[in-house]
Amino acid sequence: MLDKEFLVKVGLAEMLKGGVIMDVTNADQAKIAEDAGAVAVMALERIPADIRAQGGVARMSNPKLIKDIMATVSIPVMAKCRIGHFAEAQVLQSLGVDFIDESEVLTPADEANHIWKHDFKVPFVCGARDLGEALRRIAEGAALIRTKGEAGSGNIVEAVRHMRAVQKEIRRIQSLPDEELMSYAKNLGAPLDLVRYIKENGKLPVPNFSAGGIATPADAALMMQLGAETNFVGSGIFKSEDPAERAKAIVLATTHYDDPDIVAKASEGLGEAMPGLEMSSIPEEEMLQKRGW
Amino acid sequence: MNIGILALQGDFEMHARMIKKLGHTPVFVRYAHELNSCDKLIIPGGESTTMLKLIEKNSLRSDLLDFGRSRAVMGTCAGLIVLSREAGDLPHPSLNLIDLEVTRNAYGRQIDSFVDTIVFEADGQQMEVEGVFIRAPKISKLGPDVQPLAYHEREVVMAANDHILAATFHPELTDDVRIHEYFINKIG
């Protein structure tokens, strides 16, 4: 059994499994998300697609907005702080948010260090592009990992790349003899005890969700089949033509990810999805996934 | 025994882990026909509002009610809310398979979640068990046919009638199988 404090954090992540967590920018959207069957909402001022389009420094949301959303829905409310900005995280904890996302979608506050998340009572979720990054975040105290994908792109390709990278490294470690684990841990830049955990258990010690690019019910089903345990959907819902219907359809496709008949039915008559971006059209320095290490 | 676990959303895999530990077979249930092969059923933890919506969407309500009137069902946290008679403002009515009035998120938000020792009373014996409470509900009223089975600081945190067992905490998140064992051997 995990130590008690960490168990309580991971416990909430366990409750969110098999669900959809939706980005919302006001109380009305939060209500739409809850009514559509979201297991949690992410409260933020601008969704990633708009942050990308408008540029500038993206910071923690106004506490007033977060409190409005917390007062509107009964499901858990998450909020984002900048990478390394532990004072923003302290504010979010004092507001009583249920989960803090130390997120690459906001402009990083510290280019070298992430938050020491063990210092907090509220659980953290962090993004990762590969297993080494995931294990570093877990060592710092993250109770939930989400593969990063490319937020606000409406393109699933990066989410797939990152989920496959994590799964592939897990399979690799399982095949290694014990004497090769130290060297593998060194190359991953990950703590040895967590690498050993992966070898013994074949999975991360915390749940692994997917994020960054989900725009359709089929995208949601794809990520679940690739090993995601829940889907974060950011811009994909409220940048689409009919958010309420799309939100419901993505919830259904996440539950029944292995039943193509249901995913097909959920995809019918949804209106336009959010416009997507070709990865090659995003300049290197504007790739959100490269933030954090 | 085949123990069904409602697998629409939530920590159904954690329950499956416990069932396997006890030497029984977990069966994930998403559709009504999957209930046919189950001897008993577990409704897991998760988000009760999401779960109730998916129960409606999959037209599972009447089948769950039929199952729960004749066979044993256990619910933990959100599962307890789904099984209860009354649990406040929900998108669809709860199943009313056990006469409990429930207050959701009664301890507060995630920051108020905790692990603490609870006292489990079964067969005239008292046992101490670790209770994991995550944004947990509280039982505010027990009906006349409902027996309290576990307490945390004098509050009832687990109760049962003839064949429905409901807990406000998550025995599935620990390595202690005694509560699942009690459900399988003694309920129904």
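Biologist: Which element gives the largest share of the lining of the largest pocket?
Modeller: That is H1(B), with five residues. Keep in mind that this is a predicted model.

Biologist: Okay! What is the volume of that largest pocket?
Modeller: The largest pocket has a volume of about 580 Å³. Its lining is made of 22 residues, and those closest to the centre are A:Glu14, A:Tyr197, A:Lys203, B:Met14 and B:Arg17.

Biologist: And which elements give two or more residues to that lining?
Modeller: From chain A there are H1 and helix H9 (192-201), and from chain B there is helix H1 (12-21).

Biologist: How do the residues of the pocket lining divide into nonpolar, polar and charged?
Modeller: Twelve are nonpolar, two are polar and eight are charged.

Biologist: What about the second largest cavity, what is its volume?
Modeller: About 160 Å³. The second largest cavity has 15 lining residues, with B:Gly46, B:Glu47, B:Cys77, B:Asn105 and B:Arg135 nearest its centre. H1 of chain A and helix H4 (78-83) of chain B are the elements that each give two or more residues to this lining. Its residues are seven nonpolar, five polar and three charged.

Biologist: How does anyone find empty space like that?
Modeller: A probe the size of a water molecule is rolled over the atoms, and that shows where empty space is left.

Biologist: Nice. Where does H1 of chain A lie?
Modeller: Helix H1 (residues 4-15) of chain A lies across strand E7 (114-122) and E8 of chain B. The helix runs at about 90° to E7(B).

Biologist: Those strands are in a sheet, then. What is the order of strands in the open sheet of nine?
Modeller: In chain B the order is E2-E1-E3-E4-E12-E11-E10-E7-E8, and the pairing is mixed. Strand E2 (25-29) and strand E8 (125-133) are at the edges with a single partner strand each, so each has one side without a neighbour in the sheet. From one strand to the next, the twist averages 25°.

Biologist: How many bridges join E4 to E12 in chain B?
Modeller: Four bridges, and the two strands run parallel. Strand E4 covers residues 72-76, and strand E12 covers residues 164-167. For a pair to look at, B:Gly75 stands opposite B:Ala166 in E12(B).

Biologist: Which helix of chain B lies across E4 and E12?
Modeller: Helix H5 (residues 178-186) does. Other strands of chain B that H5 lies across include strand E1 (2-6), strand E10 (147-152) and strand E11 (155-160). The angle to E3(B) is about 145°.

Biologist: What is the order in the open sheet of three strands?
Modeller: That one is E5-E6-E9 in chain B, again with mixed pairing. Strand E5 (84-86) and strand E9 (138-142) stand at its edges with a single partner strand each, so one side of each lacks a neighbour in the sheet. Neighbouring strands are turned by 50° against each other on average, ignoring direction. Two bridges join E5(B) to strand E6 (residues 98-103), running parallel, and B:Ser84 stands opposite B:Ile98.

Biologist: Now single residues. Is A:Ala228 buried or exposed?
Modeller: A:Ala228 counts as buried because its relative accessibility is 6%, under the 20% cut-off. A:Ala228 lies in the loop between helix H10 (217-225) and strand E8 (231-233) of chain A. Beyond its neighbours within four places in sequence, A:Ala228 is in contact with A:Met163, A:Asn208, A:Phe209, A:Ser210 and A:Met223.

Biologist: And where is A:Lys121 found?
Modeller: A:Lys121 is in the loop between strand E4 (99-103) and strand E5 (124-128) of chain A. At 40% relative accessibility, A:Lys121 counts as partly exposed. Leaving aside neighbours within four places in sequence, its contacts are A:Lys9, A:Gln93, B:Ile111, B:Asp112 and B:Ser113.

Notes: Residues numbered from 1 in each chain as written. Chains lettered and ligands numbered in written order. Predicted model: local features only at pLDDT ≥ 70, side-chain atom pairs only at ≥ 80, totals over all residues. Heavy atoms only, no water. Buried < 20%, exposed > 50% of the residue type's maximum accessible area, 1.4 Å probe, protein only. Contact = heavy atoms within 4.5 Å. Pairing = 2+ DSSP bridges. Axes fitted to C-alpha atoms, helices over the stretch in contact; angles between N-to-C directions. 1 Å grid on protein atoms, 1.4 Å probe; cavity = no way out; pocket = protein on both sides within 12 Å on 5 of 7 lines; lining within 4 Å. Points joined across faces, edges and corners; volume = space filled by probe spheres on them. Nonpolar A, V, L, I, M, F, W, Y, C, P; charged D, E, K, R; others polar.
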